[in-house]
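Please look over the structure shown here before reading on. The paragraphs that follow lead through a few of its parts in turn.

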Amino acid sequence: MVLNTGRTSFRSTTAAAALIALVAAGATPLSVNHAFAQAQAAPVPNSLQPRAQGPASVADLAEGLLDAVVNISTSQTVKGQDGESGPVPMPKVPEGSPFQEFFDEYFGKQKPGQNNPSHQVQSLGSGFVVDAAQGIVVTNNHVIADADEIEVNFNDGSKLKAELVGKDTKTDLAVLKVDPKKHKLVAVKFGDSAKTRIGDWVMAIGNPFGLGGTVTLGIVSARNRDINSGPYDNFIQTDAAINRGNSGGPLFDMYGEVIGINTAIISPTGGSIGIGFAIPAELASGVIAQLREFGETRRGWLGVRIQPVTDEIAESLGMPSSKGALVAGIIDGGPVADGSILAGDVITRFDGRDVNNVKDLPRVVAESPVGKEVDVVVIRKGKEQTVKVKLGRLEDTDQQAKKDDQSSQGEDNNALHGVDVLGMTLGSLDDDSRKSFGIAKEVQGVLVTEVQKDSIAANKRIEAGDVIVDIAQETVSTPEDVAARIEKLRDEGRKNALLMLASKTGELRFVTLQMN
C-alpha cells in the first residue's frame, strides 16, 4: 500500500506501519490522527537516520592529472676538502624519505680527516608537464640548482634525462626539456589564478619526502602573500598539505588547471602545519614563456628608486590615503631620466593597473614587455597627471642600479653653523662645505651641518652631511628657504613636512618630520 500525503512526509517506516495497522482495524479518524502524531514525535532509530556526507570525491580529477605530474631527481658531484679527501656532506634528501635510513647509516660512519672520494649527492622535488609535444617540464629553480644531472621520473615508473632550458632566480622557476619521443607525455595547462578566491578548493600533487604521486586537498587560505623570498612575492597561501619534496609541483583548481606552483612552507618542524605557498599562475606563466623563448627573462624596467608612502608622507603631500609608491630617486641613463618622472612623484597607476603599495610597482613593471610605451599616473605637487614612458630592460641595468644605490657612510664633525630648524642646524652648500663633508658636485640643496641628539630629525636618522633638496615638492637652496617653507606648511595646517634628502654621493630618500 502506498500512502501519498501531498506535502506531508513520514519520519519513519515505523509511523507508516502503525497508521496502516490502525486503518485496517477500523479505527476512527480522530484516533488515527492522534496515533499518527505520536508516531511522528517518536525518535528515529540511529540505523535509519541519514548519514552525513563529506565533500564530493576528487578521485576522477586526480586520476586524470597524476600522469602529468613528475618527480624531479638531481645529482651533484661533491668532493671532500683538497679535492678528493674529507667527509662527503649528507645528501639533500627530504626528512622521512625512504632513503633516509640508508644515508644515515652510510654517512654517519664518516670521520673528519678520513679519505673519501667524490660522491653523487641526490636531491628530490616535483614538477609537471606543460607541453607534451615539445617535452616541456616546469619546476622550481631551487629543485635543480647546481645539479650536474637532472632526471624526470614519471608516474608509471619510467625515467628520462632532462636538460635545463632556462631558470629565473627572482621567481624561483625553471623550465626543463625531455625527449617526447621516448615517453608518451600528458600535459596540463595553466588556469586563471587572478579569479581564484579565498576558500576555493585546491589540490596539490607532488613528491613529498620521496613519496611520488601524493595527492592532498585543501582550500586557498589567502592571496597576495609576501614572504620576503624575492622582489616579486605574490604567493597563494593554501592549507593543502605541502611538505619537503613538493617544491615545483602543481596546485590545481577543481577544473584541473594549474593555478599555482608549490614553492615554500612555514614550519617549525619541517613538516606541513597547513601553511604552504604557491607561485600564482598569472606570474609564472609569463616567466615560463620567456624562459622557453629566450632561455632567460626579459623584464621591463622603469629606472626609479622607490619607497613606501607612509601616513605621514601622504598627509604632507595632501593625499587622502597612503597609496602608491614614492619615487625616491631617478637612475641615470634610465627610461625616465629625461624628466618624465621626477623624484617626489607618487606613482598610483601603471599601464592601467593600480599601484596600491610599494611592492606592487616592481611586479607590474617586471611583467611588462621591454620597449612597451605605457601610461603612468603620478601625483605631483598635489595634482594627478599622466605621463607616457617607454620601458627599458631590467637585466641590462642591474649592475648600474646597484652601483647607483651605494652610498658613503663617512661623516665629518666640522660644523658650519647656520639656521636651526626641527632639530637640525643648516648651512649653505659651497665649495668649502662640499670639501669638508665630501659632498659630490652634482648634489644641490641646503646642507645639514649638525643634528641635535634625540631630536625629531635624529629619530629619522638624518645626519650631518645630508642635503635637503626640497620640502613638500618645492626646491630649497638656502637655510632661509627651509625655514620659510616650514612656516608656510604650518600656516596651511600641515602636521608633517616631507623632506627630500640627498646623501653625500647624491642618493635620494624621503623623510617626514613632525612640525608640532
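**Salt bridges, helices and surface**

Glu296 is partly exposed, with a relative accessible area of 32%, where buried means under 20% relative accessible area, exposed over 50% and partly exposed in between, with a 1.4 Å probe and protein chains only. The side chain of Glu296 meets that of Arg393 in a salt bridge, at 3.1 Å from N to O, a salt bridge being a side-chain nitrogen of Lys or Arg within 4 Å of a carboxyl oxygen of Asp or Glu. This pair links distant parts of the chain, since Glu296 lies in the loop between H6 and strand S13 (300-301) and Arg393 in strand S20 (residues 392-393), 97 residues apart. Helices (H or I, at least four residues) and strands (E, at least two) are DSSP runs, numbered from the N terminus. Glu296 also forms a salt bridge with Arg298, with the closest N and O atoms 3.5 Å apart, and Arg298 counts as partly exposed at 31% relative accessibility.

The model is a predicted one, in which local features need pLDDT of at least 70 and side-chain atom pairs count only at pLDDT 80 or more, while totals for chains, interfaces and linings use all residues. Residues are numbered from 1 along each chain as its sequence is written, and side-chain values use heavy atoms, with hydrogens and water left out.

For the protein as a whole, there are 12 helices and 27 strands, and of its 516 residues 45% count as buried. Among contacts (heavy atoms within 4.5 Å) between residues at least 6 apart in sequence, 62% join residues at least 24 apart. The protein exposes about 26,600 Å², of which carbon and sulfur atoms supply 49%; accessible areas come from the Shrake-Rupley method with a 1.4 Å probe, and for residues only the protein chains shown count as cover.

A search of the whole structure finds 18 salt bridges. Asp131 is buried, at a relative accessible area of 18%, whereas Arg292 is partly exposed, at 35%. Elsewhere, Glu149, Glu151 and Lys161 are linked in a network of salt bridges.

How does helix H6 itself sit among its neighbours? The 14 residues of H6 should span 20 Å at 1.5 Å a residue, and its end C-alpha atoms are 19 Å apart, which agrees; the expected span is 1.5 Å times one less than the number of residues. Its buried residues are Ala281, Leu283, Ala284, Val287, Ile288 and Leu291. Seen down the axis of H6, these buried residues fall within an arc of 150°, so they line one face of the helix, the arc being that of the directions from the helix axis to the C-beta atoms. An α-helix has 3.6 residues a turn, so residues three or four places apart point the same way. The buried residues of H6 pack against strand S3 (136-140), strand S5 (159-168), strand S6 (173-177), S11 and strand S12 (276-280). Just after H6, Gly295 takes a positive phi of about 80°.

Helix H12 (residues 479-491) has 13 residues and reaches 19 Å from its first C-alpha to its last, close to the 18 Å expected at 1.5 Å a residue. The buried residues of H12 are Pro479, Val482, Arg485, Ile486 and Leu489, and seen down the axis they fall within an arc of 125°, so they line one face of the helix. What covers them includes strand S21 (419-421), strand S23 (446-451) and strand S26 (496-502). Just after H12, Gly493 takes a positive phi of about 85°.

Two loops remain. Ser368 is found in the loop between helix H8 (360-366) and strand S18 (373-380), and this residue is buried, with a relative accessible area of 7%. Not counting residues up to four places away in sequence, Ser368 touches Arg299, Gly300, Phe350 and Leu391. Met254, in the loop between strand S10 (250-252) and strand S11 (258-265), is partly exposed, with a relative accessible area of 34%. Together with Trp201 and Leu217, Met254 forms a nonpolar patch on the surface, with about 270 Å² of accessible area together. Patches are made of residues with over 30% relative accessible area and no salt bridge, like charges being joined within 9 Å and nonpolar side chains (Val, Leu, Ile, Met, Phe, Trp, Tyr) within 5 Å.
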